[in-house]
Amino acid sequence: QVCGYDLREVEGEIVEKRQVHDLPVIVETKIKEQIQESEVTHFDETGTNVNGKRLWLHVSSTKTHTHYQVHEKRGQDAMDAIGILPKYKGKAVHDGVKSYKEYQCSHYLCNAHYLRELIFIHERFNQPWAEEMIDLLCTINDEVKQAKLEEQTALEPSKINPEPVIDPDAPKTRGRKKRPKPLNLLLRLDLERAQVLGFMYDFAVPFDNNLAERDIRMTKLKLKTSGCFRSIKGAHAFARIRGYISTLRKQGLDILASLTNLFRGNPIFV
């Protein structure tokens, strides 16, 4: 049977009884280790439904590996349990959820998220600066793409604006007043400029977090089709199998042949 409960014959060889989702456990640890050693890793999370209860599906993605994990929490409890971020020392790309910043690695923010926020601010509040910021981010991204095509490793200093000079004698305000959304976004962009513009200073850093979002997209399609997972065990099984198949696909490996070898007890350590 496809679910692996029965003895199977694969090209004349008998494969011992085991469940399909138990097999990728053999390589899941290796995938996590490879992600932890990666220079750049994309992280994201999305809500999922397990028998009517809201849980979270976490993804850790590189160009060659994918790991999924379903957890009851969205934040640091889940990230600690997954075990990748606590040991990660590379460049983490994410959407700015505060829990990510608790980990001792370099952090870079997804500019696709900021572009969506800027478009909203421009259209809803008619803020000219938001449109200018959109143009600036897109222009920098185009410059970086062109520099990469020319095999450059960094932008020319003349193309990078200097940091603004802060007046130490400027009057300081006391207390905190409620700020409108446009101002909140502007201040956040200013405070996190190093994480927002990381792609300009380090070409290994991407402009956005689209890799993780693409890896999550197929799992959302599964939920759209089936409605929900019926059990937490089923959710974990799906995450494990999907992560292994996604990793195989990223590396251009034959998925059917790789799964056959997995059943035989000869997994490919991707």
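These are my notebook entries on a predicted model.

**Entry 1: helix α1**

I looked up helix α1, which covers residues 25-36. At 1.5 Å a residue, its 12 residues should span 16 Å. I found its end C-alpha atoms 17 Å apart, which agrees.

Next I asked which residues of α1 are buried. They are Val27, Glu28, Ile31, Ile35 and Gln36. I recalled that an α-helix has 3.6 residues a turn, so residues three or four places apart point the same way. I then looked up what the buried residues of α1 pack against, and noted β3, β4, β5 (66-71) and α9 (232-250).

**Entry 2: positive phi values**

I looked at Asn51, in the loop between β3 (40-50) and β4 (53-61). Its phi is near 55°, a positive value in a residue other than glycine. Is Asn51 buried or exposed? Asn51 has a relative accessible area of 59%, and exposed means over 50%, so Asn51 counts as exposed.

I also looked at Glu151, in the loop between α4 (128-149) and α5 (181-191). Phi of Glu151 is positive too, near 60°. The relative accessible area of Glu151 is 74%, so this residue is exposed.

**Entry 3: the second largest pocket**

I noted a volume of about 280 Å³ for the second largest pocket. It is lined by 16 residues, and those closest to its centre are Val40, His42, Lys63, Ala204 and Pro206. Two or more lining residues come from each of β3 and α8 (210-226). The largest share, three residues, belongs to α8. I sorted the lining by type and got six nonpolar, five polar and five charged residues.

Technical notes
Residues are numbered from 1 along each chain as its sequence is written. This is a predicted model: local features need pLDDT of at least 70, side-chain atom pairs count only at pLDDT 80 or more; totals for chains, interfaces and linings use all residues. Side-chain values use heavy atoms; hydrogens and water are left out. Helices (H or I, at least four residues) and strands (E, at least two) are DSSP runs, numbered from the N terminus. Buried means under 20% relative accessible area, exposed over 50%, partly exposed in between (1.4 Å probe, protein chains only). The expected span of a helix is 1.5 Å times one less than its number of residues. Contact means heavy atoms within 4.5 Å. On a 1 Å grid over the protein atoms alone, a cavity is a set of points where a 1.4 Å probe fits but cannot get out, and a pocket is an open set with protein on both sides within 12 Å along at least five of seven lines; lining residues have an atom within 4 Å of a point. Grid points are joined across faces, edges and corners, and a volume is the space filled by probe spheres set on the points. Ala, Val, Leu, Ile, Met, Phe, Trp, Tyr, Cys and Pro count as nonpolar, Asp, Glu, Lys and Arg as charged, and the others, Gly among them, as polar.
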